[in-house]
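This briefing covers a two-chain model, topic by topic. Please look over the sequence and the structure before reading the points below.

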Amino acid sequence: MTQADQARADIAAGRAPVGLVAGTVAASPLEFSVGVAPDQFLQLDDVVVTKRPLPDGTEVAIAGVVTNVEAAHEGARFASDVFLIADGALPADVAEVAEVTVTRVEPEVYVPPRPGAVVHRAAGEERDSALYFDTMADAKLPIGLGRDGNPVFLNFEFVDGTRGGHVSISGVSGIATKTSFATFMLHSIFTSGVLHGEAANTKALIFSVKGEDLLFLDYANSRLTEEQRAKYAQLGLPPQAFGNVQVFAPPRPGDPSGTPDVRARDKAVSPFYWTLAEFCAQELMPFVFADGEDERSQYTMLIGQVAARLKRDAEPVGKDGAIQVRGVEAGRGGPLRSFEQLVGLIEDELGDEDTRRDWVAGSTSTGSVNAFLRRLRSAVRPLERLVRGDLGHRGDRSLTTSKAQVTVVDLHNLPDRAQRFVVGVTLRQEFQRKEQQGSARPLMFVVLDELNKYAPRDGDSPIKQILLDVAERGRSLGVILIGAQQTASEVERRIVANCSIRVAGRLDSAEASRPEYGYLPPAQRQRATLAKPGTMFVAQPDIPVPLAVEFPFPAWATRPQEKGSWQGVDTGPAAPKDPFAGMPSALDDDDDPPPF
Amino acid sequence: MTALLTPASYTVDPWDPSYGIAVGDDLDGRESSARLDLDVELPAARWRPVTPERSAALPSAVLFLDGVRRIDARVWVHGESAQPVPGIVASLAAGLVCCDGAASVVGMQLDRSLYTAAPNATDLKTRHATYRFRPTRAGLDELTLGVQRRLSEVEVELAGAWRRQSSALDDLLVCDGPLRGRTNLARTVGYVKTHQTSYLPEAQMRVVGALGSGERSPVFTMGTSWQRRSWYLRLPGASRSPWSAIVRLECSADLPAAEAVALADLTARVLPPLSSLAHKDPRAPQNLVPIGGLERQLRHRLGDVNVLYRSLRSALRD
C-alpha cells in the first residue's frame, strides 16, 4: 500500500491524517516535526501518533505531544514579501510545521519516524497509550481536561507514596489558581475512586493563609453552570462540594467565650488555641522562634533549655489550662493564665542572677539571654490569642484532624509569627500522630500555601525541619504534602526535589527561566507566562512531557457571593439559640429607649 | 589642447551582472532588417508616449507563464561510430501563476529529458528520475535549441490545458519571452525583458526613450521570421542606464489593430504595479514579481542537482 493509498484509507475510516513527518527537519527517536496538511491544524498539546515499519514486519508506534507549531510563507525571502503575497503579486504557500516531543515508543525500538510517514491525531486507546494512561490501571486520578477536551490523568501511585509522593504547585499569586487546583485535586482524590475503600478515612489538612476562600469548601457553588457540570461528568467526578469539612479558627480577640474569629461561616467551625499547660508539656517553645532570623542567633540553645525546664516544672491548675511553675522565686510561680504572664515569669527568672542558673547553663552570656528575652517578649502580642489559660474549658479547642475528612485551619487573621507557630505545631502534632499510628494508610494530605515562607531555601527553622521530614519520610508514613508557592526557586531544594508531581500555573517570566522549572520544555515555559487562570502544566514521572490541563470551575464556593446550599456535617456544639443572650437588653434597664 | 570635457559620471546597470544587460550594444543607430508597419495606432510621424486608456474593464485574472531549464549533465552516447555522440540531460519546469487577488501557482509541469542526435539512444532510468529520450539534430547548439524547444512545448501545453479547463473569458495571459509559436493562444501577450536588436527607426526610438513610468509606445507591427504586433512599455523604477525599465510586449499579428491597442492599454495598466524591486530581484524592475516568484518555485521543483547527478552517474556506470 502506498502512502497515498494509506492516506485515502485513513480518510475513509474517519481518521484523516493531520500531516506527514517533515524531512527538512531531521527526525530523531525523541523528537520529530510534522508538516501539517493544508486543511488540517495542530495546536500545542495535541497528541499525535505515527508508525514506523521495521524490516521484520513489526510496526513501531511513535506517539508524542505537540510542543511547538510554526507557520511560514514558503517562497518568500524578505519580510516585505508578505505584502506582495497578500496583494496577490507573489505566489507563495503557507507551510505549518509542528514540533512533536515523543512520549512513547511501543514496542521499545527507538527508531525515528521516516520523513513522509503519515501522522494522525491520537484518539481513544492510542491517546491513552501515548500518555501512558493505559499503564495506570486503577490509579488514574483525573486532574482536568487536555486541550483536546479529553480527560487527563495523573498516576496516583506517584501521589500516594507507592512510587512517589508530594505535589509542588508553583505560580503567580492571583492568576495561577494554585489553591483552587490543590482543592480540585483533593476533590478528585476523594471522589474519583482511586482510594477505593479508604476514601472515607483519608484526611486532608488545609492551611488557609490568604483569605476566606477556603472556608466554604462544603458549600455548593451557586455560580456553577451546566456547562461546567458537564466537564465534571466528563472527568467522572461528581459536581459537588466537599461533604465533611471542619474549620478551625483562632479565638476572637477579647472574647471571653473564645468563639472562633470567622465572619463568613457559622457551621462546623471550632476555635483553636493551646493552653499554657500544653505549651509547657509539649515543649512548643521552639515554634515561637520560627523566623528565619532566629536560627542564626546564639540563643537557640536557650530555647531548648527553657522549654525543658517548663516541661519539668509546670503543672496544670484547674481545667482551663492555667499552670503554676515549681521551684521559682516565691510569688512568681503563678498560677499563670496568659502567655504574657508566662513570658513575664521567664523574664524575671532569667533576669535574676540568682535564679538564672536554674533555667540555663551557667556559661550562657548575658547578651544571649537578653536576645532571647527580647524575641520572646516580641512574641507576646502575636501569640497571646493562641497560647492561653484563661478561657473556660469547652473541650473542643484543640486543633485535630480527627473530626472531619477535610480540616481547614484558618490563619488569615493571624500575624506572620502566629501563622508560623500554628503551622509548625500542627504539622508536628499530625506527623507524630501518623508516626505513632504506624501505618501509612489511610493517607493524610497536607495543603500548605506559601511554602517559600515556611521552608525557605536559605536558613533553618523548626518548621523547615518538619517540612523536610514530611518531604523525605512522609511518603512512607502516609503524609502527603501538597505545597504551593509563588516561586519554587525560593523553596528548599530537597523539598521540591522530593515532589513527584510538579505543577505550574501562570509563571512570572523571570521566575520561569530559573532551573527549578527545567521540567518544562522551553515552549511551555514561555507559555506558562501567559497561562490563563485554570490552566496548569502538570509534570509527572510517568510522562516525559508536562501536560497542559484545564481543571473545571470549583463546584464548591470560593467566596461568600458564591455560597449555595450547605452540604457539610456539623458535629460540633450547637450554636446558642439566642446569639444576643450575653448582650445588655434594652428592656431591662431604665435608660431611655433608643430613638427609633 | 584644453577642450572642455564633460566630467564623467557613471550609472551602475540595475541588473545583476551574471544576467548580462537588458540592452544589446547594437541597439544604437543600426536598424534591423525587420519589416515594420509603424502606422498601426498612430502615424509614424506623430508617435508620442501613450498614456493608457483607463475606461476598459480590467481582466478578472492575469496569468503568467514561465519556464526554467537546467542542464543536469552532459553525456556521451557510444555507438557504432568511432566517435561518441554528445548529449544533454536536462530538467525543465514550466508553471502558470494566476493572479486574481491572490497569486497562486495553478499549473506546473516537470520534464526530464535526454537530448542527443545519437540514433541508438534510449530513455535513461535512474534511481530518482527517468529521462525521456528526445532526438535532436546533430551539433552542440542543436542540443541547447532542443531543450529550449521542449520548454516552449511544455509551456504551450500547460497554457492550453489551463485555457481548456478555465471558464474565464476575460483573463490575460502573459508569457515570459517572445510569443513565437504561441500566437494562437487567445488574450495572450509575450513579455520581452531584453532588447538585443533595435527594431525601430531613430525617431521612434527617441519616443521609446522618452516614455514616462507607466506609459507605452504606440502599437506597431513587425515581421522578422514571423509577424506580430508589438509595443514598448516603461515600468516604474527607471535609472539613468539606457532604456532602463523598458520592456517590449507582443501579441498575435492576426489581432485587429483596435484589439491590439486595447490589449496594449491593458498591459500598461496591469503590469507596472507588478514590477520588482532592485534588492529583491537581480533583474529588477523588468522581472515581474509573480514571474520571479514562479521561477524560484520552478527551480526548486527541478530537484537537487547533486542528487540527480549522482543517481545519473550511478545508473550509467560502466
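In what order do the 11 strands of the open sheet in chain B run? The order is S1-S9-S10-S11-S8-S7-S2-S3-S4-S6-S5, with mixed pairing. Strands, like helices, are DSSP runs numbered from the N terminus (E and at least two residues for strands, H or I and at least four residues for helices), and two strands pair if DSSP finds at least two bridges between them.

The model is predicted: local features need pLDDT of at least 70, side-chain atom pairs count only at pLDDT 80 or more, and totals for chains, interfaces and linings use all residues. Residues are numbered from 1 along each chain as its sequence is written, while chains are lettered from A and ligands numbered from 1 in the order in which they are written.

- Strand S7 (residues 172–176) of chain B pairs with strand S8 (residues 188–192) of chain B in the parallel sense, over four bridges.
- Within that part of the sheet, B:Asp176 has B:Tyr191 in S8(B) as its bridge partner.
- S8(B) is also joined by three bridges to strand S11 (residues 246–252) of chain B, and these two strands run antiparallel.
- B:Tyr191 stands opposite B:Leu249 in S11(B).
- Strands of a sheet pair through backbone hydrogen bonds, in either the parallel or the antiparallel sense.

- Five of the five residues of S8(B) are buried, where buried means 20 or more other C-beta atoms within 10 Å of the residue's own, exposed means 12 or fewer, and partly exposed lies in between, with C-beta atoms placed from the backbone.
- Both faces of S8(B) are covered: B:Thr188, B:Gly190 and B:Val192 are buried on one side, and B:Val189 and B:Tyr191 on the other.
- In a regular strand the side chains alternate between the two faces of the sheet.
- Helix H1 (residues 140–165) of chain B lies across strand S2 (62–77), strand S3 (85–99), strand S4 (103–116), strand S6 (130–135) and S7 of chain B, at about 25 degrees to S3(B).
- Helix H5 (residues 305–315) of chain B lies across S2, S3 and S5 of chain B, at about 35 degrees to S2(B).
- These angles run from 0 to 180 degrees between N-to-C directions, with axes fitted as lines to C-alpha atoms, for helices over the stretch in contact.

**Chain A: overall make-up**

- Chain A has 17 helices and 24 strands.
- Its C-alpha atoms fill a box of roughly 100 × 70 × 55 Å along the principal axes.
- Of the 596 residues in chain A, 47% are buried.
- Contacts (C-beta atoms, placed from the backbone, within 7 Å) in chain A between residues at least 6 apart in sequence join residues at least 24 apart in 71% of cases.
- A:Gly344 lies in helix H8 (residues 339–351) of chain A and is partly exposed, with 15 other C-beta atoms within 10 Å.

- Six strands of chain A form a closed barrel in the order S1-S2-S5-S4-S3-S6, with antiparallel pairing.
- Neighbouring strands of this sheet are turned by 40 degrees against each other on average, direction ignored.
- Strand S1 (residues 19–21) and strand S2 (residues 31–36) of chain A run antiparallel and are joined by three bridges; A:Val21 has A:Val34 in S2(A) as its bridge partner.
- Chain A is divided into domain 1 (3–130), domain 2 (140–271 + 395–563) and domain 3 (274–388), with bounds from an automatic or database domain assignment.
- The contact between domain 1 and domain 2 of chain A takes 11 residues from domain 1 and 12 residues from domain 2.

**Between the chains**

- Nine residues of chain A are in contact with 16 residues of chain B.
- The chain A side of this contact has seven nonpolar, two polar and no charged residues; Ala, Val, Leu, Ile, Met, Phe, Trp, Tyr, Cys and Pro count as nonpolar, Asp, Glu, Lys and Arg as charged, and the others, Gly among them, as polar.

Note on methods
Contact = placed C-beta atoms within 7 Å.
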